[in-house]
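Please open the model in your viewer, colour it by secondary structure, and keep the sequence panel beside it. The tour goes from one selection to the next, with a short account of what is there at each stop.

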Amino acid sequence: MSARLLLFTGKGGVGKTTLAAATATALAAGGRKALVVSTDPAHSLGDAFGVPLSGQVGEIDGGSSFASLHAAQIDPRALVDDAWRDLRGHLRTVLAGAGVDELDAEELTVLPGVEELLALSEVRRLAGTGPWDVVVVDCGPTAETLRLLALPEAFASYLERLFPTHRRVVRGLLAGVAGNATVEKWDATADALGRLAENLEQLRGLLTSPTTSVRLVLTPERVVAAETRRTVTALALQGIRVDGVVANRVVPHPGADRGPAAAWLRTRRAEQDAVLAELADLGSVRTVEHRAAEPVGTAALLDVAEGLYQGRDPLDGADADGQLLTVERTGELEYTLRLALPIGDSSLDLARVGDDLAVTVDGRRRLVALPSLLKRCLVTGAELDDTGLAVRFAPDPELWMR
């Protein structure tokens, strides 16, 4: 897929759908072929444009100013009915033929997160089958989005445990227990599962690609800002880049007015400015002023985009590249692995699990595959600095000479 992928998410109610629609509208007005897709169950993307949307890509009429804006509202439930029902039924048949109780087979084939996973797969399909320069995704609220973006890796692990890739072992077991008919069904199912596993790997590649990034939307409130900070860390832990933070609904400056309303605005703006100052370590935070009227339609969305981007390219800063993991030699017999994680005040736990380093931040765990050099080393220490987490390694005498 060659299209630039930009995902918008944030705590529920912060206005991410409006800003995603405004960004896509501005990109189209600037001459790019833009597609905006929503995976948010709230189905509010059509409301932002003032037109009904469906799972099929449709053109948004922007008048004479542009003619390259398209949109779609993904319905995960319909995708489950179309794409998962047959495979799930086939899996139940195979398990039942192998002697698994019908009720157990039903439970085993209820894979967690399949609706969200199919929605993400549909985004990938739409992005790869059109002439788009940019695909903007209006994701669900932050918690749902974090789960969605972690699904390809988690789902692949679940699939491997349930239906291992060592097909010959499973095939032989089924032949002995259930006969050749079940073996043939297993072969067909295993082929389908192989295709699913390949799709999962492609999804993981898409999410961690340099052409994919997340833009976080917040309102300048301490509770929301704290969640945003945790989200930045969680996404970095998954190897997904955050290219910017947008503060929405910033109250306007009251100017020289000294009336009661102006005093309230001045106090509220001072509180918001203090919250934004605390987010300075996350980089430049774009701001959008609170509006008296709800922006609906392409003209109003373009006005929002002008206030947001101030005439600059909406993709400015979206192509900054950075590596999550780097390794350097820091002594004659010492190596340092650096994880670019904005941990801040988050709780952190490290553990060595075989050839992986298990990193847990605020309860979110990620297994980081160690480079081959470090697999023969022992962890000797770890510390936090301005760049994130630094883990020190030294050669394991028992393994180094092998």
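What follows is a walk through strands, a pair of helices and a few single residues.

Before selecting anything, note that this is a predicted model, in which local features need pLDDT of at least 70 and side-chain atom pairs count only at pLDDT 80 or more, while totals for chains, interfaces and linings use all residues. Residues are numbered from 1 along each chain as its sequence is written, and side-chain values use heavy atoms, with hydrogens and water left out. The labels for helices (H or I, at least four residues) and strands (E, at least two) are those of DSSP runs, numbered from the N terminus.

**Stop one: strand S5 and its partners**

Select residues 134-141, which form strand S5, and see that seven of its eight residues are buried, where buried means under 20% relative accessible area, exposed over 50% and partly exposed in between, with a 1.4 Å probe and protein chains only. One place to look is Gly10, whose bridge partner in S5 is Pro141.

**Stop two: helices H9 and H10**

Two packed helices are described by the angle between their axes and the distance between the axes. Select helix H9 (residues 222-237) and helix H10 (residues 260-278), whose axes come within 10 Å and cross at roughly 15 degrees; axes are lines fitted to C-alpha atoms, for helices over the stretch in contact, and angles run from 0 to 180 degrees between N-to-C directions. H9 and H10 are therefore roughly parallel to each other, since angles under 35 degrees count as roughly parallel, over 145 as roughly antiparallel, 65 to 115 as roughly perpendicular and the rest as oblique. To see the contact (heavy atoms within 4.5 Å), show the side chains of Arg222, Ala225 and Arg229 in H9 together with Ala274, Val275 and Glu278 in H10.

**Stop three: a positive phi**

Most residues other than glycine have a negative phi, and most peptide bonds are trans. Select Arg249, which lies in strand S7 (residues 242-250) and has a positive phi near 60 degrees although it is a residue other than glycine. At 32% relative accessibility, Arg249 counts as partly exposed.

In which order do the strands of the open sheet of four lie? The order is S9-S10-S15-S14, with antiparallel pairing, and the edge strands are S9 and strand S14 (377-385), each of which pairs on one side only. Within this sheet, five bridges join strand S10 (residues 334-339) to strand S15 (residues 388-395), and Tyr335 has Phe393 as its bridge partner in S15. Next select Arg329, in strand S9 (residues 325-331), which counts as exposed at 55% relative accessibility. Arg329 touches Glu334 and Tyr335, not counting residues up to four places away in sequence, and its C-alpha is 9.5 Å from that of Phe393, although Arg329 and Phe393 are 64 residues apart in sequence.

**Stop five: a hairpin**

Finish with strand S11 (residues 348-353) and strand S12 (residues 356-361), which pair in the antiparallel sense over six bridges, Arg352 having Leu357 as its bridge partner in S12. Two residues lie between the strands of this hairpin, in which Gly354 takes a positive phi near 60 degrees.

Methods
Two strands pair if DSSP finds at least two bridges between them.
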